[in-house]
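Student: Could we go through this structure together? I would like to begin with its charged side chains.

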Amino acid sequence: MRLKILVAVIAVVAFCGWLIASRPDTFVVKRTQIMAAPPAVVFAQINDLRAWSNWSCWDRNDRDMQRTYGDKSAGIGATYAWSGNSRVGQGTMTITDVRVPEFVGLDLVFIEPSDATNRATFDIVPILRQQVDRIGLGETVVGTTVTWTMTGSNSFMNKAVGLFVNVNLLLGNDFETGLSKLKAVSEKAALQANVSPLRP
(Lines give C-alpha, C1' and ligand atoms only; values in the text may rest on other atoms or scores of the structure.)
Protein backbone atom coordinates (compact mmCIF):
# COMPACT_ATOMS: atom_id res chain seq x y z
CA MET A 1 0.00 0.00 0.00
CA ARG A 2 2.75 2.43 0.94
CA LEU A 3 4.59 1.61 -2.26
CA LYS A 4 1.50 2.45 -4.34
CA ILE A 5 1.09 5.78 -2.53
CA LEU A 6 4.79 6.57 -3.05
CA VAL A 7 4.55 5.72 -6.75
CA ALA A 8 1.42 7.88 -7.07
CA VAL A 9 3.12 10.83 -5.33
CA ILE A 10 6.20 10.51 -7.55
CA ALA A 11 3.97 10.37 -10.64
CA VAL A 12 2.08 13.51 -9.58
CA VAL A 13 5.31 15.39 -8.83
CA ALA A 14 6.81 14.30 -12.14
CA PHE A 15 3.70 15.38 -14.03
CA CYS A 16 3.65 18.78 -12.30
CA GLY A 17 7.35 19.24 -13.07
CA TRP A 18 6.76 18.36 -16.72
CA LEU A 19 3.74 20.68 -16.90
CA ILE A 20 5.71 23.59 -15.43
CA ALA A 21 8.76 22.96 -17.62
CA SER A 22 6.59 22.80 -20.75
CA ARG A 23 5.34 26.35 -20.29
CA PRO A 24 6.85 29.12 -22.51
CA ASP A 25 10.41 30.21 -21.72
CA THR A 26 9.55 33.87 -22.38
CA PHE A 27 6.62 36.18 -21.77
CA VAL A 28 5.20 39.24 -23.50
CA VAL A 29 2.80 41.78 -21.99
CA LYS A 30 1.49 44.51 -24.31
CA ARG A 31 -1.12 47.22 -23.93
CA THR A 32 -2.08 50.22 -26.12
CA GLN A 33 -3.73 53.57 -25.41
CA ILE A 34 -4.85 56.41 -27.68
CA MET A 35 -4.11 59.94 -26.40
CA ALA A 36 -5.26 63.34 -27.59
CA ALA A 37 -1.77 64.82 -27.43
CA PRO A 38 1.09 65.17 -29.94
CA PRO A 39 3.82 62.47 -29.90
CA ALA A 40 6.44 64.97 -28.65
CA VAL A 41 4.40 65.72 -25.52
CA VAL A 42 3.83 62.04 -24.74
CA PHE A 43 7.46 61.22 -25.48
CA ALA A 44 8.63 63.84 -22.96
CA GLN A 45 6.65 62.12 -20.18
CA ILE A 46 8.22 58.74 -20.93
CA ASN A 47 11.78 59.80 -21.76
CA ASP A 48 12.21 61.66 -18.45
CA LEU A 49 12.34 59.16 -15.58
CA ARG A 50 11.53 61.89 -13.06
CA ALA A 51 8.19 62.37 -14.81
CA TRP A 52 7.21 58.73 -14.23
CA SER A 53 6.04 59.52 -10.70
CA ASN A 54 3.19 61.49 -12.30
CA TRP A 55 1.76 58.45 -14.10
CA SER A 56 3.52 55.25 -13.04
CA CYS A 57 1.10 52.46 -12.25
CA TRP A 58 3.28 51.23 -9.38
CA ASP A 59 3.82 54.43 -7.43
CA ARG A 60 0.31 54.21 -6.03
CA ASN A 61 1.24 50.91 -4.33
CA ASP A 62 3.73 52.61 -2.02
CA ARG A 63 3.57 56.35 -1.43
CA ASP A 64 6.73 56.12 0.71
CA MET A 65 8.79 54.39 -1.97
CA GLN A 66 12.42 55.56 -2.07
CA ARG A 67 13.62 56.84 -5.46
CA THR A 68 17.20 57.47 -6.56
CA TYR A 69 18.10 59.05 -9.91
CA GLY A 70 21.44 58.88 -11.68
CA ASP A 71 23.42 61.78 -13.10
CA LYS A 72 20.99 61.74 -16.03
CA SER A 73 17.25 61.36 -15.61
CA ALA A 74 16.28 61.67 -19.29
CA GLY A 75 17.51 60.15 -22.53
CA ILE A 76 19.95 57.33 -23.20
CA GLY A 77 21.91 56.47 -20.07
CA ALA A 78 19.30 57.81 -17.66
CA THR A 79 18.94 55.61 -14.57
CA TYR A 80 16.46 55.22 -11.77
CA ALA A 81 16.41 52.95 -8.72
CA TRP A 82 13.51 52.26 -6.41
CA SER A 83 13.01 50.51 -3.09
CA GLY A 84 9.68 50.03 -1.40
CA ASN A 85 7.27 47.68 0.28
CA SER A 86 6.56 44.09 -0.73
CA ARG A 87 4.22 45.22 -3.51
CA VAL A 88 6.78 47.34 -5.39
CA GLY A 89 9.98 45.58 -4.32
CA GLN A 90 13.37 46.87 -5.36
CA GLY A 91 15.09 47.35 -8.68
CA THR A 92 16.67 49.60 -11.27
CA MET A 93 15.69 50.99 -14.66
CA THR A 94 17.94 52.29 -17.44
CA ILE A 95 16.99 53.99 -20.71
CA THR A 96 19.01 52.29 -23.45
CA ASP A 97 17.34 53.31 -26.71
CA VAL A 98 15.66 56.53 -27.82
CA ARG A 99 14.24 57.70 -31.12
CA VAL A 100 12.73 61.14 -30.73
CA PRO A 101 9.74 61.30 -30.52
CA GLU A 102 8.70 57.78 -31.46
CA PHE A 103 10.42 55.21 -29.24
CA VAL A 104 11.87 54.66 -25.76
CA GLY A 105 13.51 51.37 -24.71
CA LEU A 106 14.48 50.44 -21.16
CA ASP A 107 16.22 47.64 -19.27
CA LEU A 108 14.51 46.69 -16.01
CA VAL A 109 16.37 44.80 -13.30
CA PHE A 110 14.23 43.50 -10.44
CA ILE A 111 16.06 42.64 -7.21
CA GLU A 112 13.13 42.03 -4.87
CA PRO A 113 10.80 40.26 -4.40
CA SER A 114 12.49 38.12 -7.08
CA ASP A 115 15.47 38.44 -9.41
CA ALA A 116 14.56 39.17 -13.03
CA THR A 117 15.78 41.21 -15.97
CA ASN A 118 13.13 42.41 -18.40
CA ARG A 119 12.89 44.67 -21.41
CA ALA A 120 10.30 47.45 -21.70
CA THR A 121 9.55 49.49 -24.81
CA PHE A 122 7.23 52.35 -25.68
CA ASP A 123 6.18 52.81 -29.29
CA ILE A 124 4.76 56.31 -29.85
CA VAL A 125 2.91 56.65 -33.16
CA PRO A 126 1.11 59.78 -34.41
CA ILE A 127 -2.50 59.56 -35.49
CA LEU A 128 -2.82 61.56 -38.69
CA ARG A 129 -5.86 63.04 -40.41
CA GLN A 130 -5.75 64.06 -44.03
CA GLN A 131 -7.14 67.45 -44.91
CA VAL A 132 -7.20 69.81 -47.86
CA ASP A 133 -5.74 73.28 -47.39
CA ARG A 134 -4.52 76.08 -49.67
CA ILE A 135 -1.41 74.12 -50.58
CA GLY A 136 -3.24 70.92 -51.30
CA LEU A 137 -3.67 67.61 -49.50
CA GLY A 138 -1.89 67.58 -46.13
CA GLU A 139 -1.88 65.77 -42.83
CA THR A 140 -2.56 66.98 -39.31
CA VAL A 141 -1.64 65.17 -36.10
CA VAL A 142 -4.85 64.54 -34.16
CA GLY A 143 -3.49 62.24 -31.45
CA THR A 144 -0.99 59.57 -30.50
CA THR A 145 -1.10 55.82 -30.06
CA VAL A 146 1.20 54.51 -27.32
CA THR A 147 2.04 50.82 -27.02
CA TRP A 148 3.78 49.65 -23.85
CA THR A 149 5.45 46.25 -24.13
CA MET A 150 7.40 44.20 -21.61
CA THR A 151 9.31 41.02 -22.45
CA GLY A 152 11.40 38.70 -20.33
CA SER A 153 12.41 35.18 -19.46
CA ASN A 154 10.22 32.80 -17.48
CA SER A 155 12.16 31.14 -14.68
CA PHE A 156 10.97 27.76 -13.39
CA MET A 157 9.40 29.52 -10.41
CA ASN A 158 7.64 32.04 -12.64
CA LYS A 159 6.33 29.20 -14.77
CA ALA A 160 4.98 27.53 -11.64
CA VAL A 161 3.28 30.73 -10.51
CA GLY A 162 1.86 31.10 -14.02
CA LEU A 163 -0.16 27.92 -13.51
CA PHE A 164 -2.27 29.73 -10.94
CA VAL A 165 -1.83 33.43 -11.76
CA ASN A 166 -2.47 35.04 -15.15
CA VAL A 167 0.65 37.21 -15.30
CA ASN A 168 -0.43 38.80 -18.57
CA LEU A 169 -3.69 39.92 -16.99
CA LEU A 170 -2.02 41.01 -13.75
CA LEU A 171 0.69 43.10 -15.40
CA GLY A 172 -1.67 44.12 -18.17
CA ASN A 173 -4.00 45.74 -15.65
CA ASP A 174 -1.06 47.73 -14.26
CA PHE A 175 -0.08 48.79 -17.79
CA GLU A 176 -3.64 49.91 -18.53
CA THR A 177 -3.72 51.96 -15.32
CA GLY A 178 -0.36 53.55 -16.13
CA LEU A 179 -1.32 54.34 -19.70
CA SER A 180 -4.58 55.92 -18.55
CA LYS A 181 -2.64 58.17 -16.19
CA LEU A 182 -0.08 58.92 -18.92
CA LYS A 183 -2.97 59.90 -21.19
CA ALA A 184 -4.37 62.32 -18.58
CA VAL A 185 -0.94 63.86 -17.84
CA SER A 186 -0.04 64.21 -21.54
CA GLU A 187 -3.37 65.71 -22.56
CA LYS A 188 -3.15 68.23 -19.72
CA ALA A 189 0.41 69.15 -20.74
CA ALA A 190 -0.67 69.52 -24.38
CA LEU A 191 -3.52 71.85 -23.41
CA GLN A 192 -1.22 73.97 -21.26
CA ALA A 193 1.28 74.22 -24.10
CA ASN A 194 -1.53 75.11 -26.53
CA VAL A 195 -0.65 72.17 -28.81
CA SER A 196 -3.56 69.89 -27.98
CA PRO A 197 -5.72 68.43 -30.77
CA LEU A 198 -8.60 69.05 -28.34
CA ARG A 199 -8.07 72.81 -28.61
CA PRO A 200 -10.10 74.43 -31.41
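Student: Which residues are linked in a network of salt bridges?

Tutor: D97, D107 and R119 form that network. A salt bridge is a side-chain nitrogen of Lys or Arg within 4 Å of a carboxyl oxygen of Asp or Glu. This is a predicted model, in which local features need pLDDT of at least 70 and side-chain atom pairs count only at pLDDT 80 or more, while totals for chains, interfaces and linings use all residues. Residues are numbered from 1 along each chain as its sequence is written, and side-chain values use heavy atoms, leaving out hydrogens and water.

Student: How far apart are the closest N and O atoms of R119 and D97?

Tutor: They are 2.4 Å apart. R119 lies in strand β6 and D97 in strand β4, so the pair ties together parts 22 residues apart in sequence. Strands (E, at least two residues) and helices (H or I, at least four) are DSSP runs, numbered from the N terminus.

Student: And what about D107 and R119?

Tutor: Their side chains meet in a salt bridge at 3.1 Å, N to O. D107 is in strand β5 and R119 in strand β6, 12 residues apart.

Student: Changing topic, how many residues of α2 are buried?

Tutor: In α2, 7 of the 9 residues are buried, so it is largely enclosed by the rest of the structure. Buried means under 20% relative accessible area, exposed over 50%, and partly exposed in between (1.4 Å probe, protein chains only). I46 is one of the buried residues of α2.

Student: What does I46 touch?

Tutor: Its contacts (heavy atoms within 4.5 Å) include W52, F122 and L182, not counting residues up to four places away in sequence.
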